[in-house]
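Good morning, and thank you for making time for this item. I would ask you to keep the sequence and the model in view while I speak.

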Amino acid sequence: MTSSVQPVTKPTREKSRGIFTALPAAIWLAIFFVLPLLIVFIMSFMSTGRGGRAVMPLTIENYVDVFDRFISVVQRSLWIGLLTTLVCLLVGYPLAFFISTRKSAGMRNLSLFLIILPFWTNFLVRTYALQTILGNDGTINGFLQSIGLISEPIAFLNTPEAVIIGLVYGFLPFMVLPIYASVERFDFRYVEAAHDLGANDLWAFIRIVFPMTLPGVIAGFILVFIPAIGTFVTSDLLGGTRGLMIGNLIQQQFRNNQPLGSALSIVLMGMVMIALLIYIRYGDQENS
Amino acid sequence: MNRKLILLNLSIVLLFVLGTTVLAQDATEEAAAEAGAAWTCPDGFQGQELSFYNWATYVAEDTIPNFEAACGVTVLVTNFGSNEEMLDTLRAENKGYDVIVPSDYTVSIMRAEGLLEPLDKTNIPNIANVSPGLLDRAFDPGNEYSIPYQWGTVGVGYDVNAVAEVLGEGVELTSWEQIFNYPERRVAWLDDGRILIGTALVYLGFDPNTENMDELQQAVDFLIEAGQKNVVALAPDNGQELLATDQVDVVIEYNGDIFQVADACAADAAACGTEYAYTIPQEGGNVWIDNMAIPVGAPNKALAEVFINYILDPQVGADISNYTLYASPNQASIDGGLIDPAYLESTAIYPDAEAMTSLFNLVGFTENFEVEQAYNDAWTDIKIALGQ
Amino acid sequence: MADQALGSRSAGGQAIEFDQGKIRRDMLIRRIGKIGLLINPIFAYFFLWAPIIVLVVFSFNAGRNVFVWQGFSVQWYTNIFNNTIQAGTEAANFNTQQILNAVGNTIVVGIAATIISTALGTLVALGLVRGRFPGKKALDAILYLPVVIPEIAQGVSLLVFFGILFDYAESVSGSRVSYGLGTIVIGHVVFCMSYVAIVVRARLADMNPRLEEAARDLGANEWQTFWRVTFPLILPGVVAGALLAFTISLDDFVVTFFVQGVGTSTLPILVYSMLKRRVPPEINAISTLMLLVSTILVGVSLAMQGRNAAKRT
């Protein structure tokens, strides 16, 4: 990372220039973002009192609970998050490649627009649309039954797979856009050079194209993985008993056991932070 | 006997029959007219707001609009899906609710925790309409804090055709065993720990309100084993929708919710393509009384009492029961013939004395909140285990 | 160079050796790649659009069934505006007033959150790009966090925070404030502000600082420099940021879900509660209208960005 190459700004009159314009936002964030998270952090180490409220003494019991009773849900969330990201990558990479290799600018913009537009529709509405399609008397089952491929409807809803489909549907654009930005910037003369050196398309892709667009892939990974792992609406509406995720537990526990809900939130944020650190370590090379 | 006598006798009988019928008709009409006198709102509430925190699909279509029109007020309706959800919300903070509808055992918990306002019954004269058998119950002696809203049971709603297909034609659902061992993974449970665990406890031969942790654990283990086999979803008071959208064959739900979709389906049988039925398995199910109460911190207690009085009006109460298909606690509505007789005769809505003996009440653990916490934790454990 | 896609370039160049087998294999790989590059987008676009098309089409269905086509009708649209819902069905969950309230709340929250977050976000972007002050790095990092921290964590932490705040306020003043539109706006501003700051910052980074220097050299004071030079130059970025903030606020469900009060449901909250019940056919019509509104908003913002791009060159 060589972002420090920027010319050093000329010394200015005041020592802390700009602080007053930054101050209102800083105060807002301190009170309504940092402080609440700190409270949750402290609560996660407290005991549970009547009505699920946090009381003294301090304990690490909640974290023991998270990694003991709730470990299967934590694992499932990670698993669903990773699978969602992987499917997004498999679908999104070729798609981004397709868009950025359209010859006319108009065509490129149109194909990009068609990716982004559904994503500007309300998330709940899109999930509902998916529900109508995946349902037992939904479009897919109706179609398969009418062509005689199946006699009984396939139960798509109330499965972890339905959650993954819902999440991929919701977050695919987050994968496509950063990869598109990377591919767009890619200089295809490298591929020509590789061909000249005898590499075929596959080899050129593995050795040249993919590594050089990796920052986009990693950015997409983060943008999909973080919201996917923390979801509670998609799993609530599509998942049934086997789609229970950490987000659903947080929502439930915050009603009847706030310290435990807090510990679950902190663990979720921990997982997100690890993903972010990976990003900062490996993905942020675009800026250099 | 000579013919004259026979004729005389006959005419007397005829007269008698006719007379009583006419008289009875008069009485009914009178009662109906009396009850039908539209409820009038006391003055002085124009422009005010009332916030009603209620179960979903639990008022008639015009209940709220009529009240708004009569009093010139605005009613904000918010729904909850379980007693626990409502209770936890109010424990954290009364966000501004004026009237809530807790079930019996939850009333006792809220009473013990000081979450309810005592009712001023001089503002609620219609309490006289409530069936005496439903008043002065152990969960609220003297009805100091609550007045019954509707009552009903938790049993099994099912898709008749689908169940026939799976279990065989003509097989009736009579036991919880058939539900817990249903061979297809197309079952949904009510997302309500107390009710489900209580049902399992009864099925296993224990007290549904046990404070014995061993028995609780056995019920949990049983539910996990059963649920892992066939439960696809835990439904927070919307199991009837899972049934109606063909996501499940069998659902443990409140009776009225099932009747609501069953009636809608019967009304348009061609589009529906099946029929739904409700049963309470022979081992017994939960019977509950939902009550109107005013939570502490209610912004508009005066209007809340007016609203409770309004709901207890014979016509208003009857409209609600005729729509929600739960049992009415309003004796005046029943006596006044305002409730659809078909519903009054249905033992699925008004269980007979014999069926009543198999039903169980839930009791709030007001002394010992660790027990309540243990039930909460048990339900969470069940949810997690069902996901595996 | 975009036209020199993997698949479209002619083979070989000046390859020295001609191994028939290798060439055949390479051509096969190319063909597979080409086919894949064609099938994948077809599948992906179908996947993205099919549910929405189904939704829009069925909003014009004559029957109540949201799955089976029963003829064309606009009754669900007229129902929304006329409140003539058929009796005896699920209408208890649905009335026009409720929807209008929710739309009103959504717009009020959206506008308030947009104004506050645009002001704060623009100012903090200016401070961060042009300023030097202690704690700048930390602020920079924290500013991005609301974008990446899971929404549910933000939602529950705000819920707990406001609970404590209200308890404290009551013990001090004796009167009770509660959750409502205010708490929703506060929650929305937190993350909207970050998005605004990111967009405005990108614009500021593109801007030549010499223009401001020149203005100052010509005698303009800080205030004049800002309003006459800096602000007009970053205005497109500010507008784009504001539009982004507005759409994100309109769309937000999770944070709103936790900090909402009584009767302050926004449209996403209302849609969610409907999805939990029997879905009234009107919901397809509402969704289609929402889609229309977002399409218009996107169109406007794209047009703005188009103008920006044109200006920049």
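Read from the N terminus, the elements of chain C follow the order α-α-α-α-α-α-α-α-α-α-α. That makes eleven helices and zero strands in chain C. For the complex, the predictor reports an ipTM of 0.84 and a pTM of 0.84.

Let me stay with chain C and turn to confidence. Its mean pLDDT is 80, with 83% of its residues at 70 or more. Which elements of chain C have the lowest and the highest mean pLDDT? The lowest value, 72, belongs to H11(C), and the highest, 92, to helix H9, residues 254-259 of chain C. Two segments of chain C call for caution. Over residues 1-15 of chain C, pLDDT stays under 50, and the model has 25 contacts beyond four places in sequence for them. Over residues 84-93 of chain C, pLDDT again stays under 50, with 19 contacts beyond four places in sequence. Where pLDDT is low, the predicted coordinates should not be read in detail.

The domain assignment gives domain 1 as residues 1-58 and domain 2 as residues 96-312 of chain C. The contact between these domains takes four residues from domain 1 of chain C and four residues from domain 2 of chain C. On the side of domain 1 of chain C that touches domain 2 of chain C, the residues are four nonpolar, no polar and no charged. Across the 313 residues of chain C, 41% count as buried. Among contacts in chain C with a separation of 6 or more, 76% are between residues 24 or more positions apart.

I now come to chain A. Its secondary structure comprises 13 helices and two strands. The radius of gyration of chain A is 24 Å, whereas a compact globule of 288 residues would have one near 19 Å. The C-alpha trace of chain A spans about 80 × 70 × 35 Å along its principal axes. Of the 288 residues in chain A, 51% count as buried. In chain A, 72% of the contacts between residues at least 6 apart in sequence join residues at least 24 apart.

How do these chains meet? The contact between chain C and chain A takes 78 residues from chain C and 79 residues from chain A. Several helices of chain C each supply at least two residues of the side that touches chain A, among them H1 (20-58), H3 (96-130), H6 (181-206) and H8 (222-251). Which helix gives the largest share of the side of chain C that touches chain A? H1(C) does, with 18 residues. By residue class, the side of chain C that touches chain A divides into 56 nonpolar, 14 polar and eight charged.

Chain A also touches chain B. That contact takes 20 residues from chain A and 20 residues from chain B. Helix H3 (71-100) and helix H12 (246-256) of chain A each supply at least two residues of the side of chain A that touches chain B. The largest share of that side comes from H3(A), with three residues. The residues of the side of chain A that touches chain B are four nonpolar, ten polar and six charged.

Finally, two strands of chain B. Strand S6, residues 231-235 of chain B, has five of its five residues buried, so it is largely enclosed by the rest of the structure. Strand S5, residues 187-190 of chain B, runs parallel to S6(B), and four bridges join them. Within S6(B), Leu234(B) stands opposite Trp189(B).

Why is strand S9, residues 286-293 of chain B, described as largely enclosed by the rest of the structure? The reason is that eight of the eight residues of S9(B) are buried. In a regular strand the side chains alternate between the two faces of the sheet. In S9(B), Asn286(B), Trp288(B), Asp290(B) and Met292(B) point one way, Val287(B), Ile289(B), Asn291(B) and Ala293(B) point the other way, and all are buried. S9(B) pairs with strand S4, residues 146-159 of chain B, in the antiparallel sense over eight bridges. Gly152(B) has Trp288(B) in S9(B) as its bridge partner.

Note on methods
Residues numbered from 1 in each chain as written. Chains lettered and ligands numbered in written order. Rg over C-alpha atoms; globule rule 2.2 N^0.38 Å. Buried ≥ 20, exposed ≤ 12 C-beta atoms within 10 Å, placed from the backbone. Contact = placed C-beta atoms within 7 Å. Domains from an automatic or database assignment. Nonpolar A, V, L, I, M, F, W, Y, C, P; charged D, E, K, R; others polar. Pairing = 2+ DSSP bridges. pLDDT = per-residue confidence, 0-100.
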